[in-house]
Amino acid sequence: MNYTIRELQKHEYPLLNDFLYEAIFIPDGIAPPPKTIIQSPDLQIYVKHFGESKNDMALVAEVDGKIVGAVWSRIMNDYGHIDDQTTPSLAISLYKQYRGAGIGTALMKELLALLKRQGYQRVSLSVQKANYAVKMYQKVGFEIVREHEEEYIMVNTFQHDTVHKPFSPAK
């Protein structure tokens with residue numbers, strides 16, 4: 001499947017509400033919640049006033065000119081919050097028919113590279129233990145740092161290149 005990844009444009013920020021709903025993990029056999037669930041304060045912290053902070057970043061994937069997935073990050077006290085030094089937290093989702101094609105992994109890798117270039121040291125997220133995305137997160141470098149009854153808190157610590165001084169023999 002051919003896709004392109006690009007930055008989310010300001011006029012497209014309202015789409016984050018759709019992707020926030022798509023990011024809700026729904027186990028097999030469970031009825032999806034109503035779309036109004038994203039209006040809860042616990043979920044609105046992911047999207048409300050997005051773009052007003054310099055720390056808000058989002059990328060989208062497009063297939064045939066249609067946005068099919070998004071990954072975004074911001075500094076917030078969300079489910080995946082570790083501490084005030086671990087910033088930001090992130091969220092990712094794709095429309096169901098585009099899952100399993102590598103688009104989510106590509107989106108994640110692009111955002112991680114962007115966050116690293118911006119100077120962040122690490123990024124966190126929360127994920128339901130039963131969510132198949134746990135494997136993808138581990139594949140791109142996330143590690144489980146905390147465990148709750150139904151979810152993992154995961155962190156990706158960036159490896160920043162160190163500057164090595166040239167070797168000079170002692171005199």
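Visitor: Is Y95 buried or exposed?

Guide: This is a predicted model, in which local features need pLDDT of at least 70, side-chain atom pairs count only at pLDDT 80 or more, and totals for chains, interfaces and linings use all residues. Residues are numbered from 1 along each chain as its sequence is written, and side-chain values use heavy atoms, with hydrogens and water left out. Buried means under 20% relative accessible area, exposed over 50%, and partly exposed in between (1.4 Å probe, protein chains only). Y95 has a relative accessible area of 16%, so Y95 is buried.

Visitor: How many aromatic pairs does a search of the whole structure find?

Guide: Rings of Phe, Tyr and Trp (its six-membered ring) pair if their centres lie within 6.5 Å; planes under 30 degrees apart count as stacked, over 60 as edge-to-face and the rest as tilted. The search of the whole structure gives a count of three.

Visitor: What kind of aromatic pair do F19 and Y95 form?

Guide: The pair links distant parts of the chain, with F19 in helix α1 and Y95 in the loop between β4 and α3, 76 residues apart. Helices (H or I, at least four residues) and strands (E, at least two) are DSSP runs, numbered from the N terminus. F19 is buried at 1% relative accessibility. The ring centres are 4.7 Å apart and the planes make an angle of 35 degrees, so the pair is tilted.

Visitor: How many salt bridges are there?

Guide: A salt bridge is a side-chain nitrogen of Lys or Arg within 4 Å of a carboxyl oxygen of Asp or Glu. Under this rule, the number of salt bridges is six.

Visitor: Which residues are linked with R6 in a network of salt bridges?

Guide: R6 forms a salt bridge with E12, with 2.6 Å between the closest N and O atoms. R6 also meets E62 in a salt bridge, at 3.0 Å from N to O. E62 lies in strand β2 (residues 57-63) and R6 in strand β1 (residues 4-7), so this pair ties together parts that are 56 residues apart in sequence. The residues linked with R6 in the network are E12 and E62.
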